[in-house]
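Thanks for coming, everyone. I will keep this brisk. Please have a look at the screen first.

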Amino acid sequence: MPDKRMHGGFHVVQRGELPQLKTWLYRLLAVLGALTTGGLFLLMLGFSPFSVYGTMLRGSLGSAGMQKETIKLMIPLCLTTLGVALAFKMRFWNIGGEGQISAGAIAASYFAYFHSDWPSWLLLTVMALAAILAGGLWGLIPAWFKTRFGTNETLFTLMLNYIVLYLITYLREGPWRNPEGGFAMTPRFPKQARLPEVMFPGVGNIHIGWIVMFVAVAAMFVYLRHTKQGYELTVVGENERTARYAGMPVGRIVMRTMFISAGLCGLVGMMQVSGPDRQLTDAVANGRGFEAVSVAWLSRLSPIGIMVVSFLFSVLEKGCSMMQTEFRIPASMSDILQSIILFFVLGSEFFIQYRIVRRKEARL
Amino acid sequence: MTFADQLIAFLYAAVLASVPLLYGTLGEILIEKSGNLNLGVEGMMYLGAITGFLASYLFGSPLIALAFSFLAGMAGAAIYAFITVTLKANQNVTGLTLTMFGTGVANFVGEVLKSTAPAGAVFMNEAVKAWLLPLNLGPLTQLPVVGKLLFNHSILTYLAIVTAVTLHLYLNHSSLGLNLRAVGENPAAADAMGVNVSRYKYIHILLGGGICGLGGAYISLVTALGNWQPDIVGGQGWIAMALVIFSSWSPLRAILGALVFGTLNVLHLYVPRDVVNIPGAFYSMLPFVVTALVLIFSSIRMKREHQQPAGCGVNYFREER
């Protein structure tokens with residue numbers, strides 16, 4: 001009996017590589033489609049999409065003050081994404097950015113609270129190093145188990161997020177609680193434990209994290225393109241068997257890459273507590289570890305792309321908080337818009353990789 | 001209260017806490033059996049939670065509320081299925097995005113509802129509340145100890161157990177279930193056998209999403225008694241994801257797993273301070289620590305029949321012929 005699916009109708013075939021320009025055009029169309037969908041949703045709620053989107057743009061880029069806030073959101077997002085993207089390049093699903101940020105924040109806060117007598121430059125350096133180490137070690141745990149026993153890293157890194165998050169709750173409610181405050185909160189950081197601010201051209205003073213961010217983007221670009229380690233992790237990501245066959249120490253590469261990936265996230269934790277937060281709170285990571293997964297995917301793991309996409313997402317986030325004050329639309333709209341954009345771009349990849357052809361009637 | 005009373009109360013609370021976990025686990029088992037890993041359980045539970053809540057508020061009918069929850073979970077799963085099965089996009093990213101979407105939508109609608117409702121309060125319809133309250137089965141409920149523990153639960157609790165047994169029978173003792181497992185393990189072989197891979201994937205991803213949605217309804221309507229709070233699901237979907245591994249893809253073992261984790265969830269309320277005095281944060285941490293340990297141990301003692309379906313995470317594309 002002939003299979004009737006073989007006759008006529010539409011049929012999907014893989015296509016060769018599309019030119020770069022065309023693929024980005026498809027993605028741009030997808031984003032436009034998403035914004036239209038979001039706009040329809042706003043329309044349904046009784047708002048004019050144009051004025052809401054306009055407010056979002058104004059609220060995130062309209063003045064130097066707004067731009068400053070947007071960049072302050074972008075710094076941790078961009079750095080976290082650089083971190084997790086490195087692991088993704090190796091096909092290691094690090095969705096533990098959240099926990100690695102928190103681990104770094106705890107380590108940095110320890111020095112801020114108990115060694116505030118040190119000179120500022122020394123204190124900040126030690127805080128940064130401690131944060132990188134803590135984040136990195138927190139990321140090494142799943143990496144070790146993955147290489148040793150093949151433990152599922154997606155869920156493992158996820159569980160580690162919650163564990164370290166509750167560790168912060170414990171510290172905040174217990175040993176590190178501010179004895180003078182009525183609420184269970186940690187004390188504010190002393191002056192020496194706060195990141196210095198540096199002039200961002202055209203915008204104003206922003207904590208030094210923005211310089212770290214640009215340096216990290218450049219470093220990541222070089223690391224992936226022009227170093228042996230970067231090459232090794234790419235090979236492991238593309239085909240682990242090839243890597244083994246070529247004699248690469250796959251286990252060591254996975255552990256090393258995860259340490260760098262998680263260490264970067266740890267550094268973000270330090271910069272958050274000693275930059276904008278000035279104390280250790282439960283919200284130090286605030287969902288950035290998850291958001292970074294989307295940003296990493298959207299930017300195809302390219303460092304420059306990560307900078308661009310994390311900037312756009314920060315505009316969206318800052319814009320949504322403005323939208324909340326002006327239209328009283330809940331700020332969770334930002335999650336909705338981000339996920340709609342992701343859905344659309346995820347879907348658009350299909351049209352980049354495949355094409356639909358009309359199959360001719362099968363002839364006998 | 002005597003010690004025995006307290007023990008019963010503790011076990012009873014553990015059962016209450018285990019139900020949403022069981023729904024999430026069962027839904028995801030069904031989805032993974034079709035060879036798709038859906039990290040969106042948390043999101044589908046959120047969709048079910050807010051929709052069930054909204055429907056019970058608007059229509060005042062428990063059945064409509066549950067139907068809407070089921071449909072909402074299905075709708076979330078349908079987005080996922082379309083993007084991963086038809087458009088063949090990355091399953092991990094799509095699932096995570098679904099979680100972000102569900103969380104965002106639920107928190108959004110919840111906040112709008114709270115801010116527009118009179119006096120800022122949205123209460124659940126009394127009829128719905130009464131219908132979902134623990135059943136009173138007369139003489140059975142009156143039985144000492146077992147009466148309270150076995151015959152005094154919400155109808156959703158019994159439905160969860162029925163779902164688990166049904167899934168077990170379906171997966172292991174029906175030809176459709178056999179086909180489904182073939183799709184999950186080796187879609188190319190199933191395709192060659194004449195099984196419509198996409199159709200099987202769609203149906204089971206959608207059904208699984210619906211089951212997750214019921215778990216959400218339980219959280220908003222039974223656990224929270226219709227008192228909506230932001231972030232109401234709070235990571236239970238993720239624990240359910242881990243429970244799938246804990247129960248090694250068996251719906252019956254999922255019942256046991258959910259009970260264990262339900263116990264961990266309520267432990268802090270029942271362990272007397274003078275016996276064990278550890279800070280509350282560590283109790284909250286406990287389910288996640290145990291889950292991590294479970295992940296480690298299940299990966300160390302690997303058994304072939306207790307593994308994730310081999311097709312999970314890889315999209316099936318029928319090559320040109």
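Let me begin with one term: two strands pair if DSSP finds at least two bridges between them. Keep that cut-off in mind. This is a predicted model. In chain A, strand β1, residues 10-14, pairs with β4(A). The sense is antiparallel, and there are 5 bridges. That meets the cut-off of at least two. One bridge to note joins V12(A) to I356(A), the partner in β4(A).

Is β4(A) in the open or buried? Strand β4(A) covers residues 354-358, and the number buried among its 5 residues is 0, so the strand lies largely in the open.

On to confidence. The model has an ipTM of 0.89 and a pTM of 0.90. For chain B, the mean pLDDT is 88. In that chain, 95% of the residues reach 70 or more.

Now a helix. Helix α2 of chain A spans residues 49-61, which is 13 residues. From first C-alpha to last, α2(A) reaches 18 Å. That is close to the 18 Å expected at 1.5 Å a residue.

Which residues of α2(A) are buried? They are V52(A), T55(A), M56(A), G59(A) and S60(A). Look down the axis of α2(A): these buried residues fall within an arc of 115°, so they line one face of the helix. An α-helix has 3.6 residues a turn, so residues three or four places apart point the same way.

What covers that buried side? The cover of the buried residues of α2(A) includes α1 (20-44), α3 (64-89) and α12 of chain A.

Helix α12 of chain A runs over residues 303-327, and L312(A) lies in it. How does L312(A) count? It has 18 C-beta neighbours inside 10 Å, so it is partly exposed; buried would take 20 or more. Between L312(A) and F290(A) there are 22 residues in sequence and 16 Å in space, C-alpha to C-alpha.

Last, the two chains together. How many residues of chain A are in contact with chain B? The count is 37, and they meet 38 residues of chain B. On the chain A side, the elements giving two or more residues are α5 (120-149), α6 (153-173), α11 (288-298) and α13 (333-353). The largest share, 12 residues, comes from α6(A). By class, this side of chain A has 23 nonpolar, 11 polar and 3 charged residues.

That is my tour. Thank you.

Conventions
Residues numbered from 1 in each chain as written. Chains lettered and ligands numbered in written order. Predicted model: local features only at pLDDT ≥ 70, side-chain atom pairs only at ≥ 80, totals over all residues. Contact = placed C-beta atoms within 7 Å. Helix = DSSP H or I, 4+ residues; strand = E, 2+ residues; numbered from the N terminus. Nonpolar A, V, L, I, M, F, W, Y, C, P; charged D, E, K, R; others polar. Buried ≥ 20, exposed ≤ 12 C-beta atoms within 10 Å, placed from the backbone. Expected span 1.5 Å × (residues − 1). Arc of directions from axis to C-beta. pLDDT = per-residue confidence, 0-100.
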